[in-house]
Amino acid sequence: MFFNLPTLLTWARIVAIPLIIGVFYLEGVSAAQQNLIATVMFVVFAATDWADGFLARRLNQTSAFGAFLDPVADKFLVCASLLVLVHLKRADVFVALIIIGREIAISSLREWMAIIGATKSVAVHMIGKLKTSVQMTAIPFLLFNGKLLGVIDTHVWGTWLIWASAVLTVWSMVYYLQKALPEIRARAR
């Protein structure tokens, strides 16, 4: 299951990271073209998150390794893109710290809960999915950084959405910590 189609799609998200970053170092390409290329790449590779899960279930190729790699690839893609956006001054460093810090904290919490056999208390919840959806909309808007269809100011919308994502990020972290709190209290004695 290390190299089946769903897992290869997951690996593609990890491979995409240096490609998306590299777009902004291309010479002889205008900033608008760099933005468009990076946006299209992000959207295509982000779509593999849906595709790999669908194919894994459809082809009966689910695996423990795939279940591990999928969220890792998502977090790498989001965190790398946020760092690019901070570097380009399109996202506030505070937003990036909130989002990246939450990912580290909740990943660590989930690892610990798995060790103690309490993974169900921190299972993925709708608030986490909503947070991810808002992030995955905000990031390409900020990568594009222009007028979409000549009308939609993606920088303005992306900025609002990334801040909404930061609020949802904190909310989801509090939710997961509350769910884990009984186990934390039981082990702290």
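Helix α4 passes helix α6 in a left-handed crossing, a crossing being left-handed if the near helix is turned anticlockwise from the far one by less than a right angle, and right-handed if clockwise. The contact of α4 with α6 is made up of 18 nonpolar residues (Ala, Val, Leu, Ile, Met, Phe, Trp, Tyr, Cys and Pro), three polar and four charged ones; Asp, Glu, Lys and Arg count as charged, and the others, Gly among them, as polar.

A word on the source. This is a predicted model, in which local features need pLDDT of at least 70 and side-chain atom pairs count only at pLDDT 80 or more, while totals for chains, interfaces and linings use all residues. Residues are numbered from 1 along each chain as its sequence is written, and side-chain values use heavy atoms, without hydrogens and water.

I return to the helix pair. Helix α6 covers residues 154–187, and its axis lies 10 Å from that of α4, at an angle of about 25 degrees. The two are therefore roughly parallel (angles under 35 degrees). Axes here are lines fitted to C-alpha atoms over the stretch in contact, with angles from 0 to 180 degrees between N-to-C directions. Helices are DSSP runs (H or I, at least four residues), numbered from the N terminus.

Now the second pair. Helix α2 (residues 31–58) and helix α3 (residues 64–87) cross at roughly 160 degrees, their axes coming within 11 Å. That makes α2 roughly antiparallel to α3 (over 145 degrees). In this pair, α2 passes α3 in a left-handed crossing.

How values were computed. Parallel < 35°, antiparallel > 145°, perpendicular 65-115°, else oblique.
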